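Please open the model in a viewer and keep the selection tool at hand.

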Amino acid sequence: MIAIAGRATAEGTQRYKQRHNQNCAADYFREANSLVASSIGIGTYLGEPDECTDTLVTAAVIESVLQGANLIDSAINYRYQHGELSVGKAIRQLVASGDVSRDELIICTKGGVLPCPNPNHADWFYRHYVEPNNSTVSMADLAQERYCIHPDYIQDQLNKSLVNLGIQTIDVYYIHNPEKQLAKVEPDIFYNQLRTIFEVMEDAVLVGKIANYGLATWNAFRVPSTQSDHIDLSRAKSIAREVAGNRDDRFRFIQFPLNMAMPEALLSPTQMLEGEQISTMEAADRLGIAAIASKSICQAQVVGQIPENIAFAFGDRLRTDCQRALQYTRSAPGLLSALVGMKTPKHIRENLAIAAIPQLERENFQKLTHLIAQVLNR
């Protein structure tokens, strides 16, 4: 199978926007790092690693792209590589049909979490990455039996992701949950590890395997700097700049949970930048890093859980709790895109109906945030 050439471009993503703009609010598409992205992105995390789910995910990606979502997010460990394989099949069908060009799609994936179906992760890791005679990877590189950012391991995972997706270039490649390493190494050692990985990423940019890279995290950008799994975004960006030398570095994206119940990346002053304590979102904006939200609707756990007074505050154009939760997240000031998993036509229609509705104005967003905080006693 021949890999699909190309990558997301300013011209291509702008073309996609123009084709869908007539059905969307003016602020639905947003620009970052010269790319135009839909403010609702397609997530591919949940589900069983079986043929039935593969079919649903592939169909959902195709329909979502046709309906106005051009940012697609996956990871090699999602459903033990089935997530990427399903996305790859969708991309091939979309491009072959002529409904979309490769340069219109922003394709993102991640490496660093073991894509292991074997419940004994350590044994699987040893047999595949430590035991081979030419391996430079050791068991000491495995954190919490699930996470590895050794450069040779990440290179292997990147190459596998390219094959799974069937493309020559990944638009955004994330190092997945790197903060897990901080459970076993001191911060200075961790940032040295990050430097080595960024060298791998910058080299991958030069040879055309990726266009940009970033960090996809769970706790790192939400917790206070006093916690062991905190990552200093300014320090990470500084490392990327040093690695890139006289070129512009390609560390341009971060991903983290952001939703009505988890607003820390937006509200908590967890990052230090130029002597000022600010939120991750503000730090990212100042550093030229695009922010992507995961778990935008709390994996649908909000259904039936949003109090009536909060639901009322969203207005009458939003009919379901999932729509309200997604509208809240994608309205966060400075956010590029909010990811949401979709597997059925009903959920695709429900989520992408929001594209026609303007995001919450900043004042309304702040009022809702305050109201939600009161309900949750934050």
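Select Cys24 to begin: with a relative accessibility of 14%, Cys24 counts as buried, a term that means under 20% relative accessible area, while exposed means over 50% and partly exposed lies in between (1.4 Å probe, protein chains only). The model is a predicted one, in which local features need pLDDT of at least 70 and side-chain atom pairs count only at pLDDT 80 or more, while totals for chains, interfaces and linings use all residues. Residues are numbered from 1 along each chain as its sequence is written, and side-chain values use heavy atoms, with hydrogens and water left out.

**First stop: Cys24 and its surroundings**

Cys24 sits in the loop that joins helix 1 (10–20) to strand 1 (29–32). Helices (H or I, at least four residues) and strands (E, at least two) are DSSP runs, numbered from the N terminus. With neighbours within four places in sequence set aside, Cys24 is in contact with Phe29, Ala355 and Ala356, where contact means heavy atoms within 4.5 Å.

**Second stop: Arg30**

Move on to Arg30, which belongs to strand 1. Is Arg30 buried or exposed? Its relative accessibility is 12%, so Arg30 counts as buried. The side chain of Arg30 reaches the backbone oxygen of Arg330 at 2.7 Å. Apart from neighbours within four places in sequence, the contacts of Arg30 include Leu35, Val36, Arg330, Leu336 and Gln359. For a view across the model, select Pro151 as well: Arg30 and Pro151 are 121 residues apart in sequence and 33 Å apart in space, C-alpha to C-alpha.

Select helix 2, whose 17 residues should span 24 Å at 1.5 Å a residue; the end C-alpha atoms are 24 Å apart, which agrees. The expected span is 1.5 Å times one less than the number of residues. Among the buried residues of helix 2 are Thr53, Asp54, Val57, Ala60, Val61 and Ser64. An α-helix has 3.6 residues a turn, so residues three or four places apart point the same way. The buried residues of helix 2 pack against helix 1, strand 3 (40–43), strand 4, helix 3 and helix 12 (345–352). After helix 2 comes Gly68, with a positive phi near 120°.

Next, select Tyr80 in the loop between strand 4 and helix 3. Phi of Tyr80 is near 55°, a positive value in a residue other than glycine. Tyr80 counts as partly exposed because its relative accessibility is 38%. Gln81 is found in the loop between strand 4 and helix 3, and phi of Gln81 is near 80°, again a positive value in a residue other than glycine.

Continue into helix 3 (residues 82–97), which has 16 residues and reaches 23 Å from its first C-alpha to its last, close to the 22 Å expected. Which residues of helix 3 are buried? They are Gly83, Glu84, Ser86, Val87, Gly88, Ala90, Ile91 and Leu94. Their cover includes helix 2 (51–67), strand 4 (71–73), strand 5 (106–111) and helix 5 (151–165). Just after helix 3, Gly98 takes a positive phi of about 85°.

Select His176 in strand 6 (residues 170–176). His176 is buried, with a relative accessible area of 8%. Its side chain makes a polar contact with the side chain of Asn77 at 3.3 Å. Leaving aside neighbours within four places in sequence, the contacts of His176 include Ala75, Tyr78, Lys110, Val113 and Ala216. A polar contact is a pair of N or O atoms within 3.5 Å; within protein, one must be able to donate a hydrogen and the other to accept it, and residues adjacent in sequence count only if both atoms are side-chain atoms.

**Last stop: Ile154**

Finish at Ile154 in helix 5. Ile154 is buried, with a relative accessible area of 0%. Not counting residues up to four places away in sequence, Ile154 touches residues including Gly111, Cys148, Tyr173, Ile175, Ile197 and Met201. The C-alpha atoms of Ile154 and Ile175 are separated by 8.2 Å, with the two residues 21 apart along the chain.
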